[in-house]
Amino acid sequence: MTQTAARRPAETVAVHPVHAPPPSRGRGRRLADQARAYGFLLGGLLCFALFSWYPAIRAVVIAFQKYTPGSPPEWVGTANFTRVLHDPEFAVAWRNTLTFTLLALLIGFAVPFVLALVLNELRHARAFFRVVVYLPVMIPPVVSALLWKWFYDPGAGLANETLRFLHLPTSNWTNGADTALVSLVLVATWANMGGTVLIYLAALASIPGELYEAAELDGANLLQRIRHVTIPQTRFVILMLVLLQIIATMQVFTEPFVITGGGPESATVTVLYLIYKYAFLYNDFGGACALSVMLLVLLGVFSAGYLRLTRSGEEAV
């Protein structure tokens with residue numbers, strides 16, 4: 001019995017070979033997936049082409065033309081650039097824009113960073129204060145500018161009324177040539193700092209707590225911890241936001257247009273506001289496009305720096 005069982009051949013399990021799908025079928029499926037993906041992207045690409053790329057290309061073309069609505073365009077070469085460069089307001093607009101950008105960097109960088117540090121140290125009502133800080137971003141820019149225009153009113157505005165209540169000297173704010181630009185910088189900083197604060201808070205939350213603990217064990221105080229731990233750990237985010245702020249502040253338009261109208265005495269005429277004046281007040285679309293191309297080239301340099309910085313940051317990660 002035992003010998004018979006031993007002689008019984010072992011049962012074999014049939015193994016059926018798994019046939020891989022033909023290469024053509026897999027390649028066809030990939031092509032179909034790619035075609036479907038590009039189909040979904042087609043709507044976005046058409047929107048970009050119609051509302052972004054075509055106007056930009058058209059503006060570059062008009063910059064070399066004498067263009068008046070209702071009449072055929074006439075090629076004039078670089079005459080538009082020459083006329084714009086000899087305009088007395090050209091230097092004023094660029095000086096105001098660069099001054100605004102510099103002040104916005106000094107104020108708009110320091111204030112959101114300090115607020116982020118303070119909010120990061122809070123233990124109670126942190127979510128509430130984050131909403132309060134971000135609230136100005138949710139207000140439409142024109143509405144925000146109108147509110148600040150009333151706030152800065154030299155007669156019954158809230159700013160001067162508060163100064164009178166505190167028995168302090170009042171100011172002309174946006175009505176004074178020496179204070180108008182600084183007043184607009186405060187408006188832009190208040191309106192846009194909410195998003196910057198949240199980005200800084202996200203960067204601060206990613207810093208390992210062990211670094212702060214090691215710094216405290218070494219006897220570092222608060223300022224030393226910020227200098228040797230916080231800033232080095234967030235330097236990539238800081239540089240990225242600085243470049244983005246330069247690109248944004250050099251395109252300032254809403255505040256001068258709504259609050260000051262470029263005045264007083266052209267003290268708040270920016271490059272973008274001058275483009276508006278060329279196009280819709282002087283009816284000189286060729287000059288407006290020539291000035292736009294100059295601004296486009298300058299912003300393109302900063303945009304290239306931003307893209308290079310983000311790419312290097314992704315490679316580092």
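**Aromatic rings and their pairs**

Biologist: Does F280 count as buried or exposed?
Modeller: F280 has a relative accessibility of 61%. This is a predicted model, in which local features need pLDDT of at least 70 and side-chain atom pairs count only at pLDDT 80 or more, while totals for chains, interfaces and linings use all residues. Residues are numbered from 1 along each chain as its sequence is written, and side-chain values use heavy atoms, leaving out hydrogens and water. Because buried means under 20% relative accessible area, exposed over 50% and partly exposed in between (1.4 Å probe, protein chains only), F280 counts as exposed.

Biologist: How many aromatic pairs are there?
Modeller: Rings of Phe, Tyr and Trp (its six-membered ring) pair if their centres lie within 6.5 Å, with planes under 30 degrees apart counting as stacked, over 60 as edge-to-face and the rest as tilted. By this rule, the count of aromatic pairs is 21.

Biologist: What kind of pair do W148 and W190 form?
Modeller: Their ring centres are 5.6 Å apart. With 65 degrees between the planes, the pair of W148 and W190 is edge-to-face.

Biologist: How many residues apart in sequence are the parts that this pair ties together?
Modeller: Helices (H or I, at least four residues) are DSSP runs numbered from the N terminus. W148 lies in helix 6 (residues 141-151) and W190 in helix 8 (residues 180-205), so the pair joins parts whose separation in sequence, in residues, is 42.

Biologist: What is the relative accessible area of W148, and how does W190 count?
Modeller: W148 is buried, its relative accessible area being 15%. W190 has a relative accessibility of 28%, so W190 counts as partly exposed.

How values were computed:
Helix = DSSP H or I, 4+ residues; strand = E, 2+ residues; numbered from the N terminus.
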